[in-house]
Amino acid sequence: MSFSKDDSAGYLVNHLARLFARELQARIKPLGLSIGTFPALLVLWEGDGLTQRELIERLDIEQPTMANTLTRMERDGLIQRRQDPTDGRAQRIWLTEPARALEGVATAAAESVNSQALAGLAADERVIFLGLIRKVIAGLQ
């Protein structure tokens, strides 16, 4: 039996992710945002003041990747790091006002990409598709 990329869930999901990323990048780049910082922004827009470790856990990414992402976000004026008032070893990540102001337009861009991508599916197919993706993710975690 030979490997067929067209029947490989991993290959197809990776291809899909690259297509999503390309479309989203085109829409958020004019806002000064990138695909690399977008997931962290989504988590911080839900509630900032998190530690780097909390961000790592919520995003399920490696520590060096998160450290580099936060450095870029700080350089770009999207976040500020502040000492945790109860733990001198920890820093908390806070959004800047410019980052807060981008939430509506940036999430609208993401919603637009999702709508475009899922346009060929009926409403019930969308629910099933997203549920299956969540199930596969949970299986790999």
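These legends walk through a few close-up views of side-chain contacts in a predicted model.

Before the views, some ground rules: local features need pLDDT of at least 70 and side-chain atom pairs count only at pLDDT 80 or more, while totals for chains, interfaces and linings use all residues. Residues are numbered from 1 along each chain as its sequence is written, and side-chain values use heavy atoms, with hydrogens and water left out.

**View 1. E54 and R92 meet in a salt bridge.**
Side chains of opposite charge can pair when their charged atoms come close. The term salt bridge is used here for a side-chain nitrogen of Lys or Arg within 4 Å of a carboxyl oxygen of Asp or Glu, and the structure holds 9 of these salt bridges. For E54 and R92, the closest N and O atoms are 3.2 Å apart. This pair links distant parts of the chain: E54 belongs to helix α3 (residues 52–59) and R92 to strand β3 (residues 91–95), 38 residues apart. Helices (H or I, at least four residues) and strands (E, at least two) are DSSP runs, numbered from the N terminus. E54 is partly exposed, at 25% relative accessible area, and R92 is partly exposed too, at 22%. Those labels follow simple cut-offs: buried is under 20% relative accessible area, exposed is over 50%, and partly exposed is in between (1.4 Å probe, protein chains only).

**View 2. R75 pairs with D76.**
Here the salt bridge has an N to O distance of 2.9 Å. R75 is exposed, with a relative accessible area of 60%, whereas D76 is partly exposed, at 40%.

**View 3. E97 and R100 pair up within helix α5.**
Their side chains form a salt bridge at 3.6 Å, N to O. The two residues are separated by about one helical turn because they sit 3 residues apart in helix α5 (residues 97–101). E97 is exposed, with a relative accessible area of 57%, and R100 is partly exposed, at 35%.

**View 4. F38 and W45 form an aromatic pair.**
Rings of Phe, Tyr and Trp (its six-membered ring) pair if their centres lie within 6.5 Å; planes under 30 degrees apart count as stacked, over 60 as edge-to-face, and the rest as tilted. By that rule, the count comes to 1 aromatic pair. The rings of F38 and W45 are edge-to-face, 6.2 Å centre to centre, with 80 degrees between the planes. Both F38 and W45 are buried.
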